Amino acid sequence: MAVTIWRYTAEDRAAVGELSIRAWAPVFASLAAAMDAAVFGHFYPDWQQNQRKAVADVCAAESNQVWVALLDQQLAGFVATTLHQASSMGEIVMLAVEPSYQQRGVGAALTKFALEHFRNAGMRVAMVETGGDPGHEPARQTYAKQGFQIMPIARYFQAL
């Protein structure tokens, strides 16, 4: 079946927030395993509550454009983007796919949709940021398949 993508509305808020919790549960488990426990606890004292708020904030921001994807007539994922006019750069701010719909082309369809949106808006560069831990491997694969190239960055943390 084909993925259908439409503009996010306020009625999608709760479902998108809960989808993000299911989609990112393995990511936060991976981060917890990869990070010092004190550092993880500092950044993510209640990751589910923080995630719901982060998604709600991103979806409500006037500077962002948000779309949801349907597959099998069910909410399958969402993507939030922003256009940085000064640098002619489109950014994928957030993307998530319902776990039961992963590996079925939803992430690729949302990424392609975002890239086309950037092109239509006159952007010259696209950017997405994701983690380097094992939990983010599917995201890195999706972006690499769409032609994104990784920029190596090292970010270090230490609990004090």
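1. Glu98 first: at 11% relative accessibility this residue counts as buried, where buried means under 20% relative accessible area, exposed over 50% and partly exposed in between, using a 1.4 Å probe and protein chains only. Glu98 sits in the loop between β4 (89-97) and α4 (106-120). Helices (H or I, at least four residues) and strands (E, at least two) are DSSP runs numbered from the N terminus. Setting aside neighbours within four places in sequence, Glu98 is in contact with Leu19, Arg22, Leu75, Ala76 and Gly77; contact here means heavy atoms within 4.5 Å.

2. A word on what you're looking at. This is a predicted model, in which local features need pLDDT of at least 70 and side-chain atom pairs count only at pLDDT 80 or more, while totals for chains, interfaces and linings use all residues. Residues are numbered from 1 along each chain as its sequence is written, and side-chain values use heavy atoms, with hydrogens and water left out.

3. On to the sheet. It is an open one of five strands in the order β1-β2-β3-β4-β5, with mixed pairing; two strands pair if DSSP finds at least two bridges between them. β1 (4-7) and β5 (125-128) are the edge strands, each pairing on one side only. From one strand to the next, the twist averages 30 degrees. As background, strands of a sheet pair through backbone hydrogen bonds, either parallel or antiparallel.

4. How do β1 and β2 run, and how many bridges join them? They run antiparallel, joined by four bridges.

5. Next, the backbone torsions. Asp72 is in the loop between β2 (64-71) and β3 (74-84), and in that hairpin, which has two residues between the strands, Asp72 takes a positive phi near 55 degrees. Asp72 counts as partly exposed because its relative accessibility is 29%. Ser88, in the loop between β3 and β4, likewise has a positive phi near 55 degrees in a residue other than glycine. At 22% relative accessibility, Ser88 counts as partly exposed.

6. Which strands do the helices lie against? α1 lies across β2, β3 and β4, running at about 95 degrees to β3. α3 packs on the sheet too, touching β2, β3 and β4, and its direction makes about 140 degrees with that of β4. For these angles, axes are lines fitted to C-alpha atoms, for helices over the stretch in contact, and values run from 0 to 180 degrees between N-to-C directions.

7. Now the helix pair. Two packed helices are described by the angle between their axes and the distance between the axes. Helix α1 (residues 13-34) packs with α3 at an angle of about 130 degrees, the axes being 9 Å apart. That makes α1 oblique to α3 (angles under 35 degrees count as roughly parallel, over 145 as roughly antiparallel, 65 to 115 as roughly perpendicular and the rest as oblique). The crossing of α1 and α3 is right-handed, a label used when the near helix is turned clockwise from the far one by less than a right angle, with anticlockwise giving left-handed.

8. Who makes that contact? From α1 the residues include Val16, Ser20, Ile21, Trp24 and Phe28, and from α3 they include Trp47, Gln51, Val55 and Cys59. By class, the contact of α1 with α3 has nine nonpolar, four polar and three charged residues. Here Ala, Val, Leu, Ile, Met, Phe, Trp, Tyr, Cys and Pro count as nonpolar, Asp, Glu, Lys and Arg as charged, and the others, Gly among them, as polar.

9. Gln51 deserves a look of its own. This residue is in helix α3 (residues 47-60). Is Gln51 buried or exposed? Gln51 is buried, with a relative accessible area of 9%. Not counting residues up to four places away in sequence, Gln51 touches Ser20, Ile21, Trp24 and Phe28.

10. Last, Leu160. It is found in the segment after α5 (137-145) and counts as exposed because its relative accessibility is 99%. Leu160 and Thr81 are 79 residues apart in sequence and 35 Å apart in space, C-alpha to C-alpha.
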